Amino acid sequence: MHKPILSALLTTTILAGFAVGAAAQELVTSDRVGSPDAPNVLTMRANPNQSPNSPSAEQNAAFKVVWEEFAQNHPDWQVQFEFFTSDIGGEHARLLEQARAGRAPDCVTVDSFQLALFMANDALRPVTQYFSREEIDDLFPFVRAGITGTDGEIYAWWWGTDLRVFHRNTEVMADAPVTWEDLQAAASAAAEQGQEGVLFNGGRWEGTAFDWLAQFWSQGGNLVDESGKPTFGEGEDREKMLNALNFYKNLVDSGAAPRRVATIQNYDDFNAAAIAGTAASFVGGHWQRFQLQEAMEAAEFEKWAVSELPGPTPDQKATGTGGWTVAAFSDDPAKIEMCANLMKEVYMGPANEVIGDLPTRQSLFESLPRYQDPYFDQLKEYLVNGRARPGVPIYPEISNQIQIMMGEVLSGSEEPETALDEAWARVMDAYDKL
């Protein structure tokens, strides 16, 4: 008579154990972190790869460990996710409208070059108190400047970045060019040997504007003033813009760069040329070194080296930097603190390890295992000269007109002065309509 009762009790206990185990496993789902029964809810919008919904199985598994630890450290909270589409510009425009209407999520991953726009619209809440002076001072200068408001408060945490570098085949181009003149000479010599001396983006897309702007920024040029009004078509900024335009034009006119650069609008084109052995060098992203390493035979990959982008003089250096931030939109102090906890515990270090975006704190290059390759020591040095795109409403049109201008100059259909003046006129017309 006791056996059925004992059997029933055992069955109940086992099922309860399974339920507890299942509940523990459900601390992280594709759109939630934390127990579904947690009394406090933080809404968060993010890129899928920066969330528990990463499309990469490897990243997803690694990130799940980070998210589970976060959930265990904050048992009274659950984070409910919604996701950006691939239309990042459109998503940020929608987010700004939601913020103005008081309907934005509590915590959001914001593209770094859009950050200033949200700050200017008072959409973000300061998080300075949650970071030590040491952590803030450890940021690269361009990062620290990018997240700091005019009142001196920190309004987001810029946790991951990238940069543009110069890749070269050392068998063809033994020495790293330091100046524009060096690059002109080295690329011309490579072209005389039947190689494409130097490749760069010149087609109609954002990469063309962003990569080339390093040549303008290295001279100390500014696209806009502190109010967000364009300045690149006037005075000293116009001269610096023309210098940078003529540098690229001369590379093409001399044959140091092939005319096909005017149609390149994909970093993959550089990888393909390097793998095929047809290009001596290219201006590209830091991440392409890893892509070449994966695609090339070891002996071929050993020929390729990375250096800092050449500048007008040895002392004039700049590189375009991007990356993502996390910002608090909520007015609730508890939710602001929780968003700051995400910044510190998930994104400041762990997310760099999982995703591979470069750290923005200099010391993390030394402490994070992923960044112990000597290559990262180089990148850390180059990031000191990083420049970010201005997060102002007119920037997309500036970029659009730079792309058009570059196409006209590189194809030879317009002289630099004419192309620049026409681009400037169109940008100012758009600016007056804002």
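Predicted model: local features only at pLDDT ≥ 70, side-chain atom pairs only at ≥ 80, totals over all residues.
Visitor: Does Asn 47 count as buried or exposed, and why?

Guide: The cut-off for a buried residue is a relative accessible area under 20%. Asn 47 has 9% relative accessibility, so Asn 47 counts as buried.

Visitor: Which residues is Asn 47 in contact with, leaving aside its neighbours within four places in sequence?

Guide: Contact here takes heavy atoms within 4.5 Å. With the neighbours within four places in sequence set aside, the partners of Asn 47 are Phe 84, Ile 88, Thr 109 and Trp 324.

Visitor: Trp 324 makes me curious about the second largest pocket. Which residues of its lining are the closest to its centre?

Guide: This pocket holds about 730 Å³ of space. Its lining is made of 28 residues. The closest to the centre are Asp 162, Arg 164, Trp 287, Trp 324 and Asp 357.

Visitor: Which helix gives the most to the lining of the second largest pocket?

Guide: Three helices, α8 (206-217), α11 (288-295) and α14 (350-355), each supply at least two residues of that lining. By class, the lining divides into 11 nonpolar, 10 polar and seven charged residues. With three residues, the one that gives the most is α8.

Visitor: Staying with α8, is Glu 206 buried, exposed or partly exposed, and why?

Guide: Glu 206 is found in helix α8. Buried would need under 20% relative accessible area and exposed over 50%. The relative accessible area of Glu 206 is 24%, so Glu 206 is partly exposed.

Visitor: How many Å apart in space are Glu 206 and Gln 403, C-alpha to C-alpha?

Guide: In sequence, 197 residues separate the two. Glu 206 also touches Gln 403, along with Arg 389, Tyr 395 and Ser 399, not counting residues up to four places away in sequence. From C-alpha to C-alpha, the distance between Glu 206 and Gln 403 is 7.3 Å.

Visitor: Which element gives the largest share of the lining of the largest cavity?

Guide: The largest cavity holds about 50 Å³ of space, and its lining includes Trp 180, Leu 183, Gln 215 and Phe 247. The elements that give two or more residues to this lining are α7 (180-192) and α9 (235-253). By class, the lining has nine nonpolar, one polar and no charged residues. The largest share, three residues, comes from α9.

Visitor: Which elements are included in what covers the buried residues of α18?

Guide: Helix α18 (residues 416-433) has 18 residues, and those buried include Leu 420, Trp 424 and Val 427. Its buried residues fall within an arc of 160 degrees seen down the axis, so they line one face of the helix. The face turned away from them carries the exposed Asp 432 and Lys 433. The cover over the buried residues includes α9 and α17 (395-411).

Visitor: Finally, the largest pocket. Which element gives the largest share of its lining?

Guide: About 1100 Å³ of space lies in the largest pocket, and 40 residues line it, with Ala 116, Ala 145, Pro 390, Gly 391 and Val 392 nearest its centre. The lining has 24 nonpolar, 10 polar and six charged residues. Two or more residues come from each of α4 (115-120), α6 (141-147) and β12 (386-388). With six residues, the largest share comes from α4.

Note on methods:
Residues numbered from 1 in each chain as written. Heavy atoms only, no water. 1 Å grid on protein atoms, 1.4 Å probe; cavity = no way out; pocket = protein on both sides within 12 Å on 5 of 7 lines; lining within 4 Å. Points joined across faces, edges and corners; volume = space filled by probe spheres on them. Helix = DSSP H or I, 4+ residues; strand = E, 2+ residues; numbered from the N terminus. Nonpolar A, V, L, I, M, F, W, Y, C, P; charged D, E, K, R; others polar. Expected span 1.5 Å × (residues − 1). Buried < 20%, exposed > 50% of the residue type's maximum accessible area, 1.4 Å probe, protein only. Arc of directions from axis to C-beta.
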